[in-house]
Amino acid sequence: MPALSLLALSDAMAEAVTAAARSVVAVRARARGTASGVLWHPDVVVTAEKILEQDEDLRVTLPDGSSTEASLAGRDHTTDIAVLRLATEATVTERPKAAGNVSPGALALAIGRAGTDPIAAFGIVAQASGAWRSSTGGLVDARIRLNMELSPRAEGGALIAADGGLIGMAVFGPRRGVIAIPTLTIERVVPKLLAEGRVATGYLGLGMQTVRISPEGAVKDGAIVLSVDQDGPSAAAGVLQGDIIVGFGGEPVRGVPGLLNHLDPDRIGQDAKLDLIRAGQPVSVTVKIGERPNP
């Protein structure tokens, strides 16, 4: 019975990979080697933004083995999502439906494509929690971390659950750990990239690092200013290198991630009060939130 159970599991996994691979492509956008992507529409591919070492001379190998040129429709480095427009539409069944909620310990499969051949990796969900901000300020709708060995050629490919549902896109996160960019995030970002080519985010023009401070005996986190863009909004407001930001709009700031949480697109153009500690003394300035320039 155990051998039959393992055989059934093996067959089911192979079938899941075959089904998902019908929507997975190879993307040549690196000086060496390829990565992967997911057919979002017959003429649209979603892939990892950081794999795009070039914006031109992009080629995509489709599931049927044919190859077509592609152009960059938009990229958002804050969520690691890029969208390519294909010169030739793919003949493809619908992509996998979005997976439901995933939990730690759930099985997961990452599917990529190496040339014409699908490739797969197997692992488990190590962490599944709420929304988070990337180090560059992008809102990711769920923190999904995988215990999995991922080939660089599979980055940007599909990550599916045991029932075949699409968890999201498999990418390398901090310290080369494997994470998912959730389907919900992709569904939110792709229309903006197709329409505008980018996702606008708020910009202070500061290089910052979280620092632990102890004002009046209370220990909390702030954001120390390491560098100031002299053409940015904070420089115009009088923020200086070495200032520690402890408040935004009258609310406490919990380090750099807490500050980035305030820089949503609807904040662009608005004034906000920054509470600072400068040379041990409290200071407040008013800054007009800018729009992050293209990287």
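Ala-279 counts as exposed, because its relative accessibility is 77% and the cut-off for exposed is over 50%. The model is predicted. Ala-279 lies in the loop between strand E20 (271–278) and strand E21 (281–288). Its phi is positive, about 55°, although Ala-279 is not a glycine.

Arg-176 also has a positive phi, near 60°, and is a residue other than glycine. Its place is the loop between E13 and E14. Arg-176 counts as exposed, at 54% relative accessibility.

The largest pocket has a volume of about 570 Å³. Its lining has 26 residues, and the closest to the centre are Trp-132, Ser-134, Ser-135, Pro-174 and Ile-179. Several elements each supply at least two lining residues: strand E9 (132–133), strand E11 (143–147), strand E13 (166–172), strand E14 (178–182) and helix H4 (255–260).

The second largest pocket has a volume of about 260 Å³. It is lined by 15 residues, and Gly-100, Asn-101, Val-102, Ala-142 and Ile-144 are the closest to its centre. Strand E8 (117–129), E13 and helix H2 (183–196) give two or more residues each to this lining.

The linings divide by residue class as follows.

Strand E13 contributes to the lining of the largest pocket and to that of the second largest pocket. The loop that holds Arg-176 runs between E13 and E14.

Key:
Residues numbered from 1 in each chain as written. Predicted model: local features only at pLDDT ≥ 70, side-chain atom pairs only at ≥ 80, totals over all residues. Heavy atoms only, no water. 1 Å grid on protein atoms, 1.4 Å probe; cavity = no way out; pocket = protein on both sides within 12 Å on 5 of 7 lines; lining within 4 Å. Points joined across faces, edges and corners; volume = space filled by probe spheres on them. Helix = DSSP H or I, 4+ residues; strand = E, 2+ residues; numbered from the N terminus. Buried < 20%, exposed > 50% of the residue type's maximum accessible area, 1.4 Å probe, protein only.
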